[in-house]
Amino acid sequence: MTALTIILAITIIAVALPLGCYMIVKQSTKERIYSNIEEIPANRVGLVLGTSPTVKSGKSNYYFIHRINACVRLYKAKKISKILVSGDNHTKEYDEPTCMKEALMAQGIPEKDIILDYAGFRTLDSIIRAKEIFGQNKFTIISQQFHNERAVYLALANDIDAIAFNATEVKSSRFYIRTGFLRESLARVKMFIDIWFGKQPKFLGEKVSI
């Protein structure tokens with residue numbers, strides 16, 4: 001086998017593997033992903049996947065804003081009645097769950113219906129902790145579509161009956177769309193590796209009743 005053949009084979013694998021993982025996840029979850037609030041089935045619990053309320057420049061993060069708005073729509077339409085907000089809280093200055101709670105309450109969601117998961121460091125952590133810590137085997141995931149597809153696939157791989165509601169996408173430049181697609185494709189490759197090796201959340205802990 002020549003060096004050129006080896007390089008060509010590596011190139012094909014490097015392209016085909018991420019693309020294949022991307023499409024497997026998309027096709028496997030399409031029946032469980034909803035954009036129409038009238039069509040989505042009701043679940044008791046909605047899981048909002050965390051992100052920061054601001055970007056590095058200090059400006060508002062529209063991924064955060066749209067996820068909160070989507071969650072409020074589901075709640076007010078009685079498609080969910082309890083909200084589990086799961087995100088990163090690795091320092092006192094960086095607290096995604098509390099920011100999500102405050103944003104939800106600002107739109108009229110009662111505090112009693114919001115449950116905080118401070119150890120949702122990754123999508124995997126948020127999904128598995130919803131089952132293992134918060135006792136939920138069936139719930140609605142709330143994020144943007146690309147994220148929902150991966151989250152639902154993770155849920156199904158962990159015997160969780162999950163569906164998802166798509167928050168509004170964030171309009172971006174063509175360059176950002178291309179790089180975002182690449183990042184998500186690689187994230188899906190990493191997800192398959194995590195599933196294969198039975199990766200678990202960084203923290204579990206005492207169970208919490210919802």
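Which residues form a nonpolar patch on the surface? The legends below take up that question along with several others, and they all refer to a predicted model.

**Figure 1. The whole protein, for orientation.** Before zooming in, here is the overall layout of this predicted model. The protein has six helices and six strands, and its elements follow the order α-β-β-α-β-α-β-α-β-α-β-α from the N terminus on. Of the 210 residues in the protein, 44% are buried. Contacts in the protein between residues at least 6 apart in sequence are joined, in 74% of cases, by residues at least 24 apart. The accessible surface comes to about 11700 Å², with 60% of that area belonging to carbon and sulfur atoms.

**Figure 2. A nonpolar patch on the surface.** Here is the reply to the opening question: the patch is formed by Leu 19, Met 23 and Phe 181. Together these residues have about 260 Å² of accessible area. Leu 19 sits in helix H1, which spans residues 3–29. With a relative accessible area of 41%, Leu 19 counts as partly exposed.

**Figure 3. Strand S3 and its parallel partners.** Strand S3 is paired with strand S2 (residues 45–49) through five bridges, and the two run parallel. In this pairing, Leu 47 stands opposite Leu 84 in S3. S3 also pairs with S4 in the parallel sense, over four bridges. Here Ile 83 is found opposite Ile 114 in S4.

**Figure 4. Covered strands, seen residue by residue.** Is S3 enclosed or open to the outside? Five of the five residues of S3 are buried, so this strand is largely enclosed by the rest of the structure. Lys 82, Leu 84 and Ser 86 point one way from S3, while Ile 83 and Val 85 point the other way, and all are buried. Strand S4 (residues 114–117) is likewise covered on both faces. On one side of S4 are Ile 114 and Leu 116, on the other Ile 115 and Asp 117, and all are buried.

**Figure 5. Thr 140 and its surroundings.** Thr 140 belongs to strand S5, residues 138–143. Its relative accessible area is 1%, so Thr 140 is buried. Which side chain makes a polar contact with that of Thr 140? The partner is Asn 43, at 3.1 Å. Leaving aside residues up to four places away in sequence, Thr 140 touches Ile 40, Asn 43, Val 45, Gly 46, Leu 47, Leu 74, Ile 80, Ile 163, Ala 164 and Phe 165.

**Figure 6. Lys 78, a loop residue with a positive phi.** Lys 78 lies in the loop between helix H2 (62–76) and strand S3 (82–86). The phi of Lys 78 is positive, about 65°, although this residue is not a glycine. Most residues other than glycine have a negative phi. Lys 78 is exposed because its relative accessibility is 71%.

**Figure 7. Asp 159, another loop residue to look at.** Where is Asp 159 placed? Look for it in the loop between helix H5 (145–157) and strand S6 (161–166). Asp 159 has a positive phi of about 60° and is not a glycine. Its relative accessible area is 64%, so Asp 159 counts as exposed.

Key. Residues are numbered from 1 along each chain as its sequence is written. This is a predicted model: local features need pLDDT of at least 70, side-chain atom pairs count only at pLDDT 80 or more; totals for chains, interfaces and linings use all residues. Side-chain values use heavy atoms; hydrogens and water are left out. Buried means under 20% relative accessible area, exposed over 50%, partly exposed in between (1.4 Å probe, protein chains only). A polar contact is a pair of N or O atoms within 3.5 Å; within protein, one must be able to donate a hydrogen and the other to accept it, and residues adjacent in sequence count only if both atoms are side-chain atoms. Contact means heavy atoms within 4.5 Å. Patches are made of residues with over 30% relative accessible area and no salt bridge: like charges are joined within 9 Å, nonpolar side chains (Val, Leu, Ile, Met, Phe, Trp, Tyr) within 5 Å. Accessible areas come from the Shrake-Rupley method with a 1.4 Å probe; for residues, only the protein chains shown count as cover. A salt bridge is a side-chain nitrogen of Lys or Arg within 4 Å of a carboxyl oxygen of Asp or Glu. Two strands pair if DSSP finds at least two bridges between them.
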